[in-house]
Amino acid sequence: MLWIFWLSVQAVFSQSHVSKNNYTGYWTTPTSWSPTWSSPKTNILGYDITINGYITLNGSLSFSILPSNLIINDTLVIYGDLTLGLLTNLTINGNGILIVRGNLTIGAFSNIITNNYIIVTGDIIKIISPNNGSFISNNNPEKVFIGGNILPTGITNHKSNFPALNCTAPITTRYPHSNCSYGDMTDIINDPIYPFFQSTCTIGAPTITADGPTTFCTGGSVNLTSSPGITYLWSNGAITRSINVTTSNSYSVQVTNASGCHSAASAVTVVTVNALPVTPTITASGPTTFCAGGSVTLTSSPEATYLWSNGATMQSVNISTAGNYTLRVKNANGCQSVVSAATILNVNALPVVNAGTDKSIPNGTSTTINATVTGSGPFAYSWSPSSKLINASIKDPTTVNLDTTTVFALTATSLTTSCSNTDEVTITISGVPLNSAPTANPGTICAGTSIQLHALAFGGSGSYTYTWTSTPSGFTSPIADPIANPVVNTTYYVAVSDGFTTVNRQVAETVNPLPATPTITAGGPTTFCDGSSVTLTSNAGTIYLWSNGTTTQGINITTAGSYTVQVTSASGCQSAASAATVVTVNDLPVTPTIKVSGQSTFCDGDSVTLTSSAGTGNLWSNGATTQSVNITTSGSYTVQVSNASGCQSAPSVATVVTVNALPLTTASSNGPVCAGTALNLTGGPAGMTIYYWTGPDDFTSLIQNPSVSDSATLDMAGLYTLTVANANGCVNTATQSIIVNETPIAVAGPDQDLKFNFETLMNAELSASETGEWSLISGSGHISDIHSPTTRVTELSTGVNKFLWKVLNGNCEDTAEVKITVHDVFVPSVITPNGDGNNDYFKISEFTGNVELIIFNRWGNEEYTKTNYLNDWDGRNNKGAELPADTYFYILKFENGKIKKGSVLIIR
């Protein structure tokens, strides 16, 4: 029985996921879904979900707040609760199965429609109002089984929108145990779903986690913990989730879940407890009392691995320090023994030897070494290298004179313990062998310059004397850093002595000569007007220095003065100053002014007079030399004046003359125009202050682009004149000649109908002042003369052929069409020549001229021919014999050259 409830709520779902077809797996596995869910949700917010495979969920599933759909086309098993939130719809389609091993909670306005199985092992809880939503089954008996209670109980009391939960008046067949529309966990035993339902109760075997190694030594333990369940049963009988194991054995566990389903036994975890090894013994390789720095080897009795009290892990250890040494060993199973008996080692201290403090002495001197030795004395002493000491067997020896750094070693031996120790001291020889590296600064000079000499002695004893000489001779000095004044290239020699050794060294000095005194050449007069200049040029040099500080070979002079120059040669030597060159600069005359006689702004064609304040010596910017000039072109005009010295003044303040151009007046129209059409004028340029048109028939207008008439007449033809004035008040004119033509009327002649004739004569009309032209609109046809009103047209096609006749009078035109229809000849496809007067002859439709008919049989043999066919073939051959009923082929050759081919069936 079908119950339908409609709740007017519009649900908008933003997302959807579908389990993959025939996929068996867990809800929380991303690959279960399409599109793939990176982290499949169990708290659904606004998703549509469709189940197309066998999906299991180890936990609860809830839909909340936003509208959602859960559609089950295959199987969904939930090991927990299912909550349908507000506006969530659950649909079980024909092959769908929903098993909830927990409670089913139904929210407000949530609807359930099932066409197959819904099994809930716990309670069904309807929240808010039992009237908001529905639970409908389309089976009889219903395939709904409930293991718990239905809350509130009122919805089993014949709530019409919950027929699947009816107990008072079920419309479907009652179940025998529940006595309701739905069955309980007793009723399900007799349902075909029961074996499958039971199989879903088998849960996966649990796993065991160990908190440490499962193989350990006697005295250790490990905790084994089962994966979560509700109850636990271990193979050793324990029923807690975790057990502590101290003995060897194999351990497994079974669990039950919240639905009471029992798991299979887990995989076995094997615990192995290994025995401890025998306590080891220690053997020494030599005396257990020795000097510091000595050692003895201690060896353990054999075992797999070893751990000494000093951390060593080998069977034998070499010991160099005093102490009590013990050992523990591990066997092959990693189990460690009890600690061995201790072996005691005694180590005598070495003498404390300090060979003295490192020191530095000058090259070639000696020193006494002060050593200290403490410990168990008395001591015997031995130094090395003994060859560099006066007595190598005493504690504080003296060295010989040293020229290289030497490391001395002292070995002190206790005569009580026989223990010895060694220390070193370094005697560093400061400096190097006597040497000198003399310099001259600077190394290259110009003649007349002094230099600083430096002997730069180093090494040796550090106490030096100096003797300087030179080549050429004449220079001597006993000091380290003397001053010299060479006038030619000179080599200086210095002999340096430290009291033991003398070294001789030299340094060369280059002395460059001074260049010759330069001369100055003037590039023009050295007397000129203010504002001009003269170039002064020095003769050859490498670097130049003028008396005004300029450093180029040539300088440009604009001010009066006395100028000299010095030059520097390529070697950097500077000459004496040149002879002075005197430059004189004369003053300019007073700058003139300009008087304007008239307006300086006017239209093209007018002029203005400009007058200089100076009576003579004028030079205008346009080249004029008079006091007054007449100006007719735009420009900026200045004047200069020359004085008695020939010096010219600065230009006067410019007088700007503006000559405004006349407007570039244009006049045009839309002509030539046809009589009866609009005649319009166009004037230019735009933006003028005045437009004034005149023309034929007393036409005038004050607008830029006037309309002469909307319907032009022949007397409006003629010359139109436009006068314009621009914003500057300048005026110009332009003219436009206009032609007005009469509009022609086109007559193309009458339409024609032709009977299978493909040429004809077209007759149009044309006056003497007009020209005409034919053209094809549609169809086909060759026009003999396209410009003749009367012309022949050939090569027409069957059907309608349209032609256009266009008549022109100047630019005025009119068109007309003519239609020529060519009717195709009708040819029958069947004749029945039985003499009944109906369809006895092969009759073709009306045509023009003669036609030839030829009939062939199916093998291509000619059966009948007639050159002037008159629709009289009745199915006989050329001999008059009746042709048998069959299909024949014809050729029709018309007088106009057309040929038609086809087939005709003779039926008798």
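**How exposed is Phe 196, buried, partly exposed or exposed?** Phe 196 has 26% relative accessibility and so counts as partly exposed. Here, buried means under 20% relative accessible area, exposed means over 50%, and partly exposed lies in between, with a 1.4 Å probe and protein chains only.

A word on the model before the views. This is a predicted model, in which local features need pLDDT of at least 70 and side-chain atom pairs count only at pLDDT 80 or more, while totals for chains, interfaces and linings use all residues. Residues are numbered from 1 along each chain as its sequence is written, and side-chain values use heavy atoms, with hydrogens and water left out.

**View 1. Aromatic rings pair up.** Rings of Phe, Tyr and Trp (its six-membered ring) pair if their centres lie within 6.5 Å; planes under 30 degrees apart are called stacked, over 60 edge-to-face, and the rest tilted. By this rule there are 15 aromatic pairs. One of them joins Trp 33 and Trp 37, an edge-to-face pair with 5.3 Å from centre to centre and 70° between the planes. Trp 33 is buried at 0% relative accessibility, and Trp 37 is buried too, at 5%. Now find Tyr 54 and Phe 196: their ring centres are 5.8 Å apart and their planes stand at 50°, so this pair is tilted. The pair links distant parts of the chain, because Tyr 54 belongs to strand E6 (residues 54-57) and Phe 196 to helix H1 (residues 194-199), 142 residues apart. Helices (H or I, at least four residues) and strands (E, at least two) are DSSP runs, numbered from the N terminus. Tyr 54 is partly exposed, at 25% relative accessibility.

**View 2. An aromatic cluster, and a charge over a ring.** Phe 842, Tyr 864, Tyr 869, Trp 873 and Tyr 890 form one aromatic cluster. Elsewhere, look for Lys 898, whose charged end sits over the ring of Phe 758, 4.4 Å from the ring centre. A charge sits over a ring if NZ of Lys or CZ of Arg is within 6 Å of the ring centre and within 35 degrees of the ring normal.

View 3. Strands of a sheet pair through backbone hydrogen bonds, either parallel or antiparallel. In this view the order is E21-E27-E25, and the pairing is mixed. Strand E21 (215-217) and strand E25 (249-251) stand at the edges with a single partner strand each, so one side of each has no neighbour in the sheet. The twist averages 25° from one strand to the next, using axes fitted as lines to C-alpha atoms and angles from 0 to 180 degrees between N-to-C directions. E21 and strand E27 (residues 269-274) run parallel and are joined by 3 bridges; two strands pair if DSSP finds at least two bridges between them.

**View 4. Strand E70 and its partners.** E70 and strand E73 (residues 718-725) run antiparallel, joined by 5 bridges. Ile 690 has Ala 725 in E73 as its bridge partner. E70 also runs antiparallel to strand E71 (residues 699-701), with 3 bridges between them, and here Gly 695 stands opposite Phe 699. The hairpin of E70 and E71 has 3 residues between the strands, and Asp 697 in this hairpin takes a positive phi near 60°.

View 5. A cis peptide bond with omega about -5° joins Gly 671 and Pro 672, and Pro 672 lies in the loop between strand E67 (666-669) and strand E68 (673-674). Another cis peptide bond, with omega about 0°, joins Gly 684 and Pro 685; the loop holding Pro 685 runs between strand E69 (679-684) and strand E70 (690-695). Ser 418 is not a glycine, yet has a positive phi of about 65°. Its relative accessible area of 57% makes Ser 418 exposed. Phe 756, also not a glycine, has a positive phi of about 50°, but Phe 756 is buried at 4% relative accessibility.

**View 6. The surroundings of Asn 618.** Asn 618 is found in strand E62 (residues 618-620) and is buried, with a relative accessible area of 5%. Its side chain makes a polar contact of 2.6 Å with the side chain of Ser 612. A polar contact is a pair of N or O atoms within 3.5 Å; within protein, one must be able to donate a hydrogen and the other to accept it, and residues adjacent in sequence count only if both atoms are side-chain atoms. Leaving out residues up to four places away in sequence, Asn 618 touches several others, including Ala 624, Val 639 and Val 641, where contact means heavy atoms within 4.5 Å.
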